[in-house]
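Me: I am new to this structure and would like to learn how to read it. Could we go through it feature by feature?

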Amino acid sequence: MEEKLMIYLEIHQLTKQRLRVSQIAKRLKISRTTVYKYLEMTFEEAVNEFDIGERKKILDPYRDWIVNWLKEYPSLSGAQIFDWLQERFPNIKVGESTVRRYVNEVRELYQIEKKEESREYESVDELPPGKQLQVDWRQSVQKDMYGKEVRLYFIAFVLAHSRHKYMWWLNRPFTTEDTMRCHELAFQYYGGVPEEVVYDQDNLIAVSENAGDLILTKGFQKYIQQRKFRVYLCRKADPESKGKVENVVKYIKNNFAKNRVYSTLEDWNNRSLKWLERTGNFKVHNTTKKRPYEVFLLEKQHLRKISNPLSYESNYTEIITRNVRKDNTVHFKSNRYSVPVGTYTRQAIVHIHIADYVLKICDPSTGEIIAEHSISQDKGRLVKNRNHSRERSKSLDLLRQELIALLAHEKATNYIDKVSKDYGRYRRDQFTLIKKVAQENKEWVHLALEKCIDEGLYSANSFRDVVGFLKQTSLDQQHRIIEESDKIPIDIEVQTRGMDQYLQLMGGKYGE
């Protein structure tokens, strides 16, 4: 009967591909009548028709969840679905093997294929309790609630004897200080410090391995002296030395992180710790055949106790990287937030910290706070701190005084103040242009200023044009143009001569 149900499902899939009934019948080698019959049936009717599902199974109430998960994430494993069911339904009572069998049945029924991934590992000798802790850093790309990809970074710890795990996530690359802080969190989580900690060659903790002489970074060297544990640095291409944490990294990425939707960093870390308690440290280990948390109860007694936790600031607020725009603003959630003028030229990239509805914009290298704003709930706003604007009042007043002295005219102060009043926002530009014209044309300044005042021309452009006009006109032409433009009547007294003077000039005599 299951074969008929498979045919039913295939008919509906081919119909979605827009194949005609005759084409479906020919491909499946069945009659067109059968195709029509199956197309008219619902899935529930088909199950009842073929006598499938008469015996209800314990996971049937969760079938829709499982089917939707598998359709959206076909690579999900049965173990991962088991964890997801426990996360969403904490009171569910079912074994992992039951979930695996059910998932396989659902895959076959709904024809959801899975690509298996395989990797070979070389076995290593087991270590005594309290001997070794293995550490590694990795990253993962997740989808957020809006389908956008988010790159996350995590550090993983595992005790070599018990396989007891710990991890912590950031939404930016780790620094040496972050690494030391996470070590403190791990030691508090374990309740002690092991004899030895194994690392890959990483620039966060080691400068180099000089022919076997380990050279650590200054900050991390100081830290291990305080915590008194031995460092073992793996050689390149030597995964066997830290194979346990390699497996843990794979486990974290494929069981916890894979296909899980990211919302906030705090929520992500909380969910990861619950996953460790529920799955990572609870499930029976494939190699030891024991639960890590049970073995850890014994190994914990062999760890060196620490009574004085080091005071590293545990501020794991949301940190986001942003580019500074040319207008010295930073974009965050559809709003623009100001930074001090000049930040763009000095600091192209900044970090954003979010805590208690406050946005802190910081220098990524020093952690220094560049700007701080309350987060706006609006959209498209410019949130600006007036102190971030360039301080202009003092320099503008000095420019005004310099300009008045340069013009050296009794009416210069009134003229400049009138320009300042008419061009409030642009007075700096006005003053700068007048100053430039006056310095280059000192011989025309007084005359041009008087002409501008007489004509009511209170602008830098007018002052410049008047100076240019005066330079291209001779002094006589200037007087003539001024007289014609003002239309001032000119009275000229004409000298009169006697008739005898004219006759004499013409060569005659008066009275002849």
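Me: How many helices and strands does the protein have?

Reply: The model is a predicted one, and the protein in it has 20 helices and 15 strands.

Me: What share of the residues is buried?

Reply: Of the 512 residues in the protein, 39% are buried. As for the surface, the protein exposes about 32100 Å², and 48% of that area is supplied by carbon and sulfur atoms.

Me: How do I read contacts along the sequence?

Reply: Take contacts between residues at least 6 apart in sequence; in this protein, 62% of them join residues at least 24 apart.

Me: Is Arg-63 buried or partly exposed?

Reply: Buried means under 20% relative accessible area, and exposed means over 50%, with partly exposed in between. Arg-63 has a relative accessibility of 23%, so Arg-63 counts as partly exposed.

Me: Where is Glu-10 found?

Reply: Glu-10 is found in helix α1, residues 2-16. Its relative accessibility is 30%, so Glu-10 also counts as partly exposed. The C-alpha atom of Glu-10 is separated by 9.4 Å from that of Tyr-110, a residue 100 places away along the chain. Tyr-110 is also one of the residues that Arg-63 touches.

Me: How is a pair of packed helices described?

Reply: Two values are used: the angle between the helix axes and the distance between those axes. Here, helix α15 (residues 412-422) packs with helix α16 (residues 427-440) at an angle of about 145°, and the axes are 9 Å apart. The crossing of α15 past α16 is right-handed.

Me: Which residues make the contact between α15 and α16?

Reply: From α15 they are Tyr-415, Ile-416, Val-419 and Ser-420. From α16 they are Arg-427, Gln-430, Phe-431 and Ile-434.

Me: Which residues make the nonpolar surface patch?

Reply: Residues in a patch have over 30% relative accessible area. Met-145, Tyr-146 and Val-261 make a nonpolar surface patch of about 380 Å². Val-261 lies in strand β8, residues 261-262.

Conventions:
Residues are numbered from 1 along each chain as its sequence is written. This is a predicted model: local features need pLDDT of at least 70, side-chain atom pairs count only at pLDDT 80 or more; totals for chains, interfaces and linings use all residues. Side-chain values use heavy atoms; hydrogens and water are left out. Patches are made of residues with over 30% relative accessible area and no salt bridge: like charges are joined within 9 Å, nonpolar side chains (Val, Leu, Ile, Met, Phe, Trp, Tyr) within 5 Å. Accessible areas come from the Shrake-Rupley method with a 1.4 Å probe; for residues, only the protein chains shown count as cover. A salt bridge is a side-chain nitrogen of Lys or Arg within 4 Å of a carboxyl oxygen of Asp or Glu. Helices (H or I, at least four residues) and strands (E, at least two) are DSSP runs, numbered from the N terminus. Axes are lines fitted to C-alpha atoms, for helices over the stretch in contact, and angles run from 0 to 180 degrees between N-to-C directions. A crossing is left-handed if the near helix is turned anticlockwise from the far one by less than a right angle, and right-handed if clockwise. Contact means heavy atoms within 4.5 Å. Buried means under 20% relative accessible area, exposed over 50%, partly exposed in between (1.4 Å probe, protein chains only). Lists of a residue's contacts leave out its neighbours within four places in sequence.
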